[in-house]
Amino acid sequence: MIKQKNIIIGSATGYNADLISSFVYSLEKANFDGILSLIIYKEQMTEFVNAFSDIKGFKIEFKVSTIGKFKSKSKYSGIYKFKLVKNVLKKIISLTVNEAVPDSKIKALKITGYPHVSRFFEYKEIVESHPDASHVLLSDVRDVFFQSNPFKNILKVLLVGMENPDYTIGTEQYNQKWIIDAYGEGFYNLAKDEQVSCSGVTIGDHESIKVYINKMIEEFCKQPYHKMSERIYDQAMHNKLLITNNLADVTRCQPFESIIVTLGLYPIEQIAVNDQGFIINRNEEIIPIVHQHDRHPELLQLCDNYIGK
């Protein structure tokens, strides 16, 4: 029997390698044995190859990209760090965009959009380049670490991470703003009582992930180019697809009840840790994927202890 491979895809453009070391080394601790595909800038290649050369348990692939370079002020920006250069190039690109042609908007947004949005175009290329993959995880990399293999016993379904149910789109200020800005007051009134889902961690079988990425890109293309190029709308689109039931066979992963826990909206006293230093669910089981742990200094130290940093 041929072993099916699992793939994790994350965008690390503009990050120092040390900033995602918890993400990478926790995967090895969790006995992940698939492929990690990291989206980076060409200027980061040497640093990342050297930083993770000791990883043996899984393969790391690098996808060189320019996403976010128009927004980034990092040392990797190159000529894009000059405001005049960026403004001239942005003006030229905006004049060539055909609003009626999705491919024209995609090509432009891949260069000028925020990485929150433009990473989805890279996700699409990577997923399509691995048609034999069994399951795929799309993940943030700076604020995620793994306590066990995220693909163990996973079913053929799309899984999305939910945030603290005490908050809704109407009561969480950032999501409220994103939804109103993207879809207007009418849709907001329909959505305001819905629980927030975080777009930072999404996992599923190859086909489900492929459909999800394509639907997200469709939503991006429905917005005017000039608007999409200046917004971080991935969260708004992600929640809209869920609320309108546009994603078939989707499982909402509730915090402390599933394989994903999203901690950003939780006070530290509501986060349970066992005697071994693992974040656990209601049944005192170790949660495989921990997201937004960096909102709590105590959990940053816990993660460092876990990977031996």
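This is a predicted model: local features need pLDDT of at least 70, side-chain atom pairs count only at pLDDT 80 or more; totals for chains, interfaces and linings use all residues.

On one hand, β4 pairs with strand β1 (residues 5-11): five bridges join the two, and they run parallel. Within this pairing, A133 of β4 is the bridge partner of K5. On the other hand, β4 is joined by five bridges to strand β7 (residues 197-205), and here the strands run antiparallel. In this second pairing H135 stands opposite D205 of β7, while S139 has V201 of β7 as its bridge partner.

## The sheet as a whole

These pairings belong to an open sheet of seven strands with mixed pairing, in the order β3-β2-β1-β4-β7-β6-β8. The edges are taken by β3 (59-64) and β8 (250-253). Each of these has a single partner strand, so one side of each is left without a neighbour in the sheet. On average, and with direction ignored, neighbouring strands of this sheet are turned by 20° against each other. Strands of a sheet pair through backbone hydrogen bonds, either parallel or antiparallel.

Helix α7 covers residues 206-222 and has 17 residues. From its first C-alpha to its last it reaches 25 Å, close to the 24 Å expected at 1.5 Å a residue. The buried residues in α7 are H206, S208, I209, Y212, I213, M216, I217, E219, F220 and C221. An α-helix has 3.6 residues a turn, so residues three or four places apart point the same way.

Helix α6 (residues 173-191) contains I180. I180 counts as partly exposed because its relative accessibility is 27%. The C-alpha atoms of I180 and N274 are separated by 40 Å, with the two residues 94 apart along the chain.

## Salt bridges

A search of the whole structure finds 20 salt bridges. Side chains of opposite charge can pair when their charged atoms come close. One of the salt bridges joins D143 and R295, whose closest N and O atoms are 2.9 Å apart. D143 lies in the loop between β4 and β5 (144-146), and R295 in the loop between β10 (289-291) and α10 (297-307), so the pair ties together parts that are 152 residues apart in sequence.

Another salt bridge is formed by the side chains of K110 and E122, at 3.9 Å from N to O. K110 lies in helix α4 (residues 102-112) and E122 in helix α5 (residues 115-128), so this pair ties together parts that are twelve residues apart in sequence. K110 is partly exposed, with a relative accessible area of 22%, while E122 is buried at 2%. Both residues belong to a network of salt bridges that links K63, K110, E122 and E125.

K59 forms a salt bridge with E61, and their closest N and O atoms are 3.5 Å apart. At 49% relative accessibility, K59 counts as partly exposed, because exposed means over 50%.

L84, V88 and I92 make a nonpolar surface patch of about 300 Å². Of these residues, I92 lies in helix α3 (residues 83-96). I92 counts as partly exposed, at 48% relative accessibility.

N245 is found in the loop between α9 (234-243) and β8. The residue is exposed, with a relative accessible area of 64%. E284 lies in the loop between β9 (260-262) and β10, and is likewise exposed, at 65% relative accessible area.

Methods. Residues are numbered from 1 along each chain as its sequence is written. Side-chain values use heavy atoms; hydrogens and water are left out. Patches are made of residues with over 30% relative accessible area and no salt bridge: like charges are joined within 9 Å, nonpolar side chains (Val, Leu, Ile, Met, Phe, Trp, Tyr) within 5 Å. Accessible areas come from the Shrake-Rupley method with a 1.4 Å probe; for residues, only the protein chains shown count as cover. A salt bridge is a side-chain nitrogen of Lys or Arg within 4 Å of a carboxyl oxygen of Asp or Glu. Helices (H or I, at least four residues) and strands (E, at least two) are DSSP runs, numbered from the N terminus. Buried means under 20% relative accessible area, exposed over 50%, partly exposed in between (1.4 Å probe, protein chains only). Two strands pair if DSSP finds at least two bridges between them. The expected span of a helix is 1.5 Å times one less than its number of residues. Axes are lines fitted to C-alpha atoms, for helices over the stretch in contact, and angles run from 0 to 180 degrees between N-to-C directions.
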